[in-house]
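Open the model in your viewer and keep the selection tool at hand. Take each stop in turn.

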Amino acid sequence: MATLEETVYRPPLEAKSALLEIALGCSYGKCSFCMYSNKETPLQLVSSEMLCENLEELVSQEEQAERMFFLGGNVLAFKSRFLLDVFTLVRRYLPRVRCFSMYARADDVLRKSIAQLKELKDAGLDILYIGVESGSAEILKSCLKGENPDEILTALHKLDSVGIRYGLSSILGLGGESISRENALETGKLYSSVTPVSIRVMTLTPMKGTLLETMIKNGKFKLQSSLSILKEELLLIQSIE
């Protein structure tokens, strides 16, 4: 299957889902730790030709999955009408597909109306995977996330109100050594305030060309040791109710 992204990223829950690349890049692209912040990957849609060719390939492979995961940084950022059209297109090729899932930012959810979210839900949108990164307002501000904990919670409660499920992820070590404890406790507090279908934690990894890499080289950010990361993870688990 042809893809614009060299490496495919999909949540563990989607291991048995059919995969279809919809877009490349992120509509925001400013997070200090993210590979898309290096400005080398502008947000772009996969061409309609590639989309159809990949669907034809899935048909030729006799794809039997009833779920499909859309590949792309935050596919929900695109207009609801476009997403609904893609749902319809997929089912023309793969009528067995009943549910769709994709990555999203919390502000993507906030920009959608309740009516739009309900329409997407009725059309098959099942799970959105959202990176909250941290429950700490200070950490989210320092890493240029462009969202705060209150906005993230508002978005998640909005999804609850229309019945769209969501999986969440956060980053161990995102605050550095100085506020490691706050990162664990505040993220645990956020997780305890909502009802995700899954929680994933990742360890902060500096990527080439990112602001984070520059900050580490300049001594403005100090990565935590492996032991410190494990202690933070234990505290996070203990703080989740």
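Predicted model: local features only at pLDDT ≥ 70, side-chain atom pairs only at ≥ 80, totals over all residues.

Now check the span. Helix 6 covers residues 149–162, 14 residues in total. At 1.5 Å a residue, helix 6 should span 20 Å.

Go to the start of helix 6. Select Asn 148 and Asp 150. A side-chain oxygen of Asn 148 comes to within 3.0 Å of the backbone nitrogen of Asp 150.

Move to the other end. Just after helix 6 sits Gly 163, with a positive phi of about 85°.

Next come two residues that are not glycine. Most residues other than glycine have a negative phi.

Select Leu 144, in the loop between helix 5 and helix 6. Leu 144 is not a glycine, yet its phi is positive, about 60°. Is Leu 144 buried or partly exposed? Its relative accessible area is 38%, so Leu 144 is partly exposed.

Last stop: Glu 62, in the loop between helix 1 (48–60) and strand 4 (67–71). Glu 62 also has a positive phi, near 55°, and is not a glycine. Glu 62 counts as exposed because its relative accessibility is 60%, and the cut-off for exposed is over 50%.

Key: Residues numbered from 1 in each chain as written. Heavy atoms only, no water. Helix = DSSP H or I, 4+ residues; strand = E, 2+ residues; numbered from the N terminus. Expected span 1.5 Å × (residues − 1). Polar contact = N/O pair within 3.5 Å; in protein donor to acceptor, adjacent residues only side chain to side chain. Buried < 20%, exposed > 50% of the residue type's maximum accessible area, 1.4 Å probe, protein only.
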